[in-house]
Amino acid sequence: MRDGSPELDQPRTAPTWMAYALLFGLSLTLGGYRSLDGDQAYRLPLLLHQQDPAVFADDPFIRAFDAFNPHRGYLTLLDGPSRLIGLPAALFLLYAMTYGVTCLGVRSLARSIWPKSGEWVGVLAVALLLLADAGNIGTNHLFEPMLLDRLIAFGLGWVALALFVRGFERCSISPSPDLRAPPRSIWGRGMGVLAIAGLIGLAGLVHPALGMQLGMLLAAGWLLGLIVPGRLAMDRRSAALGLVALAVALLPTALMQAPQKAALFEGLDPETFRVLSFTVQGPQHMLPHLWRPMQWLAWFAYVSLAGVTLCDLGRPWSVARSRCVALLGILLAALALAWVAIEVLGDPRVTIFQPFRMATVVRGLCLVVIADRIRSLAIRGDFGGILRAALLVSGLGSDGAMVVAVATELTWTLGDRLRLPRIAASCGLAVLAGGIAYLFRHDPEAGYVPLLLGLGGAMLVGAWRFRIRHVPAWTPGRAIRLTCISFAVPVLAALAAIAPADGPAWLQTTREALISRCRFAESPTDDVERLALWARSHTPPDARFIGPPGPKTFRLWSRREVAFNRAASPYDGHGLADWAARFADHVGFEGDVASFARAYLTDRHALERRYQEMPDADRAALARRQGADYVLAAAPGDQAESDDDSPLELLRIDGRYAIYRLRETPAHDSPLRLADRRSAKPDRAQRRKDAEERTLPIP
């Protein structure tokens, strides 16, 4: 090429994968990264026990999973990397890989549905996926700030759905220019089918329920292809091949779970199982009638806006859009049937399957559809388009904001369809103002705040576009600089985790703030975790604790047995019965199952406070009943019993909590040295066996 050619004046464009790296850094900085807490706090002890059976050898929660354990595939996935590079590093490595797989699937979905919108529609779809928090019925987030088995299964599912939507007959996930073109060969058709089936099979091994649900969704899509192949540009041979491959891929999952199925409902009568499992153990996941009306409205807002976008007659229809509409229709019909089975028929088998996990897939597909609408509005050039795009993005932050943003957009869209732009703008702004006023007075989540931020952001962007009149090019230099800036907070948090904990007060405060934002290592951030680390090095390996029902992390961080924790609950009937009995014993509740469930749903926090309100004598008796010799409880106050009069010996205080040891000798006897006191104890295993043999009545 000769010097002076116009091509030489054009800046080189950075690859779009750098945009996904930038989004990952921003998600870590703004959304944070959590490890060794939350749901990980009761899954990871299962992994530690699998790696070393001496750890948690007699823990009631761990042993309950001998009968029914759906996490075996996930634990096997974690086992090898955690042994090789350590548990925290393995968790983050798999988390980054899961993010990459999710980006691959969502990007391909967006590019398939909107092939003329360019690469950036995929980047925007991933950004929306990371931002979306509204409409979260079923409490399964689209992307969470920690590694979980369902997050991995969702990532694999997005890639499988992308292959199906763009034409599963082709094994490439990059959309071709003409999606209506027939497959080139039987080999290519078979490879595409095998790729989809293999991804769903892996998802089923990692998360059996979610893998089976995704498999049922794709099976319904292939059945639809058998019935109306022309509508979906699908030949019957490929659809039949897909059904067979999917059945074979999910066979290992079925074989792993089948022997455990009988143990799931054993040990409790159906009504007691229903009340304990659905009402006490996980109502936020299983019972639709407990979800807030605003959550439902926000979820339907996704569906409404996606439906209006897909039915836009000004856009050329494609095979990918047909298949996306087919999947959304199947999902909506299946969720309606699931609601009837759960709320009307009360079927425990459907409820325990948690079918409303698929509501998360509906949200994801709708976001991919909406992404092109937001892109089109943003690049229109007028302030109205920028404002509408900003409102839709900011509305993803809360339920109320999403409802108002979508209501504003639908009103504005109706006016545009009627070719009344001034009236459309006036009505849209009126709906926005009324919605903000309503949220200001009635929304406990303060949904008006993100809308006001979106409004302010639109004004700034509009003013900037008016002055600059062009968007800076996405050059490699800018991409590298922005990506490095986005990872600044995570890198500083990783360095703070290995830095000494001493120093000036401002330095310690900064260190704790960074670690709380992004925790990559075993760095405690609260009193319970600090006490747990102390217990790991200052109590016997076979020690057992009782503690408050709420905090989740003590078992994992201490590597010590815990008699009961509310969040750490098994799934099978026998384990659930023991868990419920320990729960009632921990809070001093007397009554039947129905009364216990009502008390829990009425005021769970008041019920759990009963443990902290117990006198030391009652907590000591509780520890003896549950085979424990150590107690985690509130730190002693000014009016606490003197150490000589208490049946609990104070060992360690950290902030609001303290660790006590159960005294083995009467308070009036001469105190023994610690070594003598330990040698004078009865056999620990025998005491624990006696405690386990006591029949704890089901509440």
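Strand 5, residues 657–662, is mostly covered, with six of its six residues buried. This is a predicted model, so read what follows as a description of that prediction. The burial holds for both faces of the strand: Tyr-657, Ile-659 and Arg-661 are buried on one side, and Ala-658, Tyr-660 and Leu-662 are buried on the other.

Who are the neighbours in the sheet? Strand 3 (residues 630–634) pairs with strand 5 in the antiparallel sense, over five bridges. Strand 4 (residues 648–654) also runs antiparallel to strand 5, and here the pairing takes in six bridges. To pick out a residue pair from each: Tyr-630 has Arg-661 of strand 5 as its bridge partner, while Leu-650 is bridged to Tyr-660 of strand 5.

Phe-56 has a phi of about 60°, and Gln-354 has one near 50°. Here are those two side by side:

| Residue | Phi | Loop | Relative accessible area |
|---|---|---|---|
| Phe-56 | about 60° | between helix 3 (40–51) and helix 4 (60–64) | 2% |

Buried or exposed? Phe-56 counts as buried because its relative accessible area is 2%, and the cut-off for buried is under 20%.

Now for another loop residue, Asp-572. You'll find Asp-572 in the loop between strand 2 (561–562) and helix 27 (573–586). Asp-572 is buried, yet it has no salt bridge. How far away is the nearest side chain of opposite charge? That side chain belongs to Arg-72, and it sits 10 Å away. A salt bridge needs the atoms to be within 4 Å, so Arg-72 doesn't qualify as a partner for Asp-572.

What does Asp-572 have around it, then? A polar atom of the Asp-572 side chain lies 3.4 Å from the backbone nitrogen of His-574. Leaving aside residues up to four places away in sequence, Asp-572 touches Ala-64, Ala-67, Phe-68, Ala-263 and Leu-264.

Notes: Residues numbered from 1 in each chain as written. Predicted model: local features only at pLDDT ≥ 70, side-chain atom pairs only at ≥ 80, totals over all residues. Heavy atoms only, no water. Helix = DSSP H or I, 4+ residues; strand = E, 2+ residues; numbered from the N terminus. Buried < 20%, exposed > 50% of the residue type's maximum accessible area, 1.4 Å probe, protein only. Lys, Arg positive; Asp, Glu negative; His and termini not counted. Polar contact = N/O pair within 3.5 Å; in protein donor to acceptor, adjacent residues only side chain to side chain. Contact = heavy atoms within 4.5 Å. Pairing = 2+ DSSP bridges.
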